[in-house]
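Here's a quick tour of the model, taken one feature at a time. Have the viewer open as you read.

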Amino acid sequence: MTEPVIYWTRRDFRLSDNPALVAACESGAPVIPVFVHDETIDALGAAPKWRLGLGAEAFGARLEEVGSRLVFRRGEALEVLRALVAETGARAVHWNRLYDPVSRKRDEAVKAALKAEGVTVVSHAGHLVHEPWTVETGTGGFYKVYTPFWKAVRGREVAEPLAVPKLQVPEVWPASEDVAAWGMGRAMDRGAAVVRPHCVIGEAGAQGRLGAFIAHRIGDYGEARDRLDVDGTSGLSENLTHGEISARVCWHAGMRAMAEGKAGAETFLKELIWRDFAYHLMHHTPHIVARNWREDWEAFPWNTDADHPHVQAWMRGRTGMAIVDAAMREMYVTGRMHNRARMLVASYLTKHLMTHWKIGMDWFADCLVDWDPASNAMGWQWSAGSGPDATPYFRVFNPETQAEKFDPLGRYRRAYVAELSGRPPETALAYFEAVPRSWEMHPGQPYPARPVVDAAEGRKRALAAYENRGF
């Protein structure tokens with residue numbers, strides 16, 4: 001009997017352009033795909049864990065369509081893989097790389113241990129357009145500013161996406177656990193039913209989402225992506241996070257659109273490279289995910305009390321600043337938040353409310369279905385002013401003028417803040433069904449008469465704090 005090969009899937013729930021899966025299949029041996037619910041998954045927030053489980057289940061169903069299956073196991077990753085090697089006689093394991101510090105530490109330990117036991121272990125590049133260490137400055141260092149990073153890679157050749165491989169299956173499958181029994185959505189509670197219709201899960205859905213964007217919206221993307229009141233973005237962050245489509249597939253689609261003269265194509269490509277840039281920074285400076293990238297900001301007197309009334313008002317979408325509240329409520333209803341809105345709520349928390357960016361970052365890590373460790377960390381530190389290539393610390397977004405510019409008729413605000421309308425839409429009412437019962441929120445509550453911190457007051461206070469920051 002031919003010794004099988006194990007393919008360990010993590011955030012690469014697709015058959016197309018999947019380097020690890022292709023390499024496993026090219027061996028000519030039976031391939032056993034496995035998903036391991038280990039300690040890194042235990043540590044995920046409510047929404048990311050739930051969405052990861054949905055993605056894994058969808059990938060399992062896709063594998064069954066082509067005559068294969070996905071083996072689900074729970075436990076410490078090394079021990080699970082060791083057990084599968086012993087059970088199946090497999091002598092090789094393939095996976096696509098992850099780059100956050102926790103995953104890197106785990107993967108290095110797994111690779112070293114299995115290799116020491118005579119198992120061939122190969123990791124592959126499958127999550128980004130460019131591997132983080134392959135982009136260097138002229139002096140051999142890493143980039144700390146996006147624009148030079150973009151210029152360094154925009155003309156690089158990017159390999160064509162890989163075709164769907166033909167999977168050989170083993171004569172006997174190892175036992176699989178019941179993924180539903182793991183309760184990966186338990187912490188979502190009633191919010192799962194609200195968010196689920198807004199998710200596009202699986203490879204086919206991701207490809208359809210990309211196709212519709214390229215066909216109908218990429219031309220206006222350069223301007224429309226900042227508008228809160230129109231559907232002007234690709235929506236692909238959810239699918240890229242879970243590898244339901246590859247960044248390389250998206251890159252080539254954008255390149256074709258640019259060749260066809262579609263105006264927004266280059267901006268779309270730049271956004272894909274922003275994602276690469278976030279991973280480039282996380283690889284070279286892994287502390288970005290846990291503490292201030294600019295170390296002198298450790299001395300800044302941010303509020304660090306997540307239970308402060310102003311922070312709680314921000315979390316609950318009850319600041320009285322309608323554009324901020326709409327954005328927070330969009331997250332609870334859809335599981336995602338418009339990128340322009342993310343900048344606004346981050347600026348309001350870190351500057352108007354003088355609250356540490358990590359409180360916001362951790363909250364997003366609990367609530368977003370498209371949570372990404374690199375992009376989330378870089379985005380929050382960009383907004384706070386403590387990160388690489390950050391917005392100047394003295395730049396304070398005015399939520400009111402931002403609302404006038406990017407939601408001029410108030411459609412976005414009314415779509416998510418029920419108290420602003422006599423006949424609120426379903427999206428606005430769904431907020432009350434999604435949030436924790438302990439918040440005791442209901443549509444009859446009056447909206448705050450004034451913001452907890454208004455635009456002018458917050459700006460003045462933030463600038464005073466910056467002027468006296470002592471570094």
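Is cysteine 199 buried or exposed? Cysteine 199 is buried, at a relative accessible area of 8%, where buried means under 20%, exposed over 50% and partly exposed in between, with a 1.4 Å probe and protein chains only.

## Ground rules

This is a predicted model, so local features need pLDDT of at least 70 and side-chain atom pairs count only at pLDDT 80 or more, while totals for chains, interfaces and linings use all residues. Residues are numbered from 1 along each chain as its sequence is written, and side-chain values use heavy atoms, with hydrogens and water left out.

## The cysteines

A disulfide here is a pair of cysteine sulfur atoms within 2.5 Å, and searching the whole structure turns up 0 of them. Cysteine 199 takes part in no disulfide: the nearest cysteine sulfur belongs to cysteine 367, 13 Å away.

Cysteine 250 is buried too, at 0% relative accessibility. Its sulfur sits 18 Å from the closest cysteine sulfur, that of cysteine 199, which is too far for a bond.

## The parallel sheet

Now for the strands. Helices (H or I, at least four residues) and strands (E, at least two) are DSSP runs, numbered from the N terminus, and two strands pair if DSSP finds at least two bridges between them.

Strand 2 (residues 31-37) is mostly covered, with 7 of its 7 residues buried. Val31, Pro33, Phe35 and His37 point one way, Ile32, Val34 and Val36 the other. Strand 1 (residues 5-9) runs parallel to strand 2 and is joined to it by 5 bridges; valine 5 partners valine 31, and threonine 9 partners phenylalanine 35. Between strand 1 and strand 2 the chain passes through helix 1 (residues 19-26), making a right-handed β-α-β crossover, meaning that with the strands pointing away from the viewer, the path from the first strand over the helix to the second runs clockwise. Strand 2 is also joined to strand 3 (residues 71-74), again parallel, by 4 bridges, and histidine 37 stands opposite arginine 74 there.

## Two helix pairs

Helix 4 (residues 77-88) and helix 5 (residues 101-116) pack at about 35°, axes 10 Å apart. The crossing is right-handed, that is, the near helix is turned clockwise from the far one by less than a right angle (left-handed if anticlockwise). Ala77, Leu78, Leu81 and Arg82 of helix 4 meet Arg106, Val110, Ala113 and Leu114 of helix 5, with contact meaning heavy atoms within 4.5 Å.

Helix 16 (residues 357-367) and helix 17 (residues 373-384) cross at roughly 150°, and their axes come within 10 Å. Helix 16 also passes helix 17 in a right-handed crossing. Among the residues making this contact are Trp357 and Phe364 of helix 16 and Trp380 of helix 17.

## A closer look at isoleucine 359

Isoleucine 359 lies in helix 16 and is buried, with a relative accessible area of 13%. Leaving out residues up to four places away in sequence, isoleucine 359 touches Asn303, Thr304, Asp305, Ala306, Val311 and Met315. The C-alpha atoms of isoleucine 359 and leucine 349, 10 residues apart along the chain, are separated by 9.0 Å.

Conventions
Axes fitted to C-alpha atoms, helices over the stretch in contact; angles between N-to-C directions.
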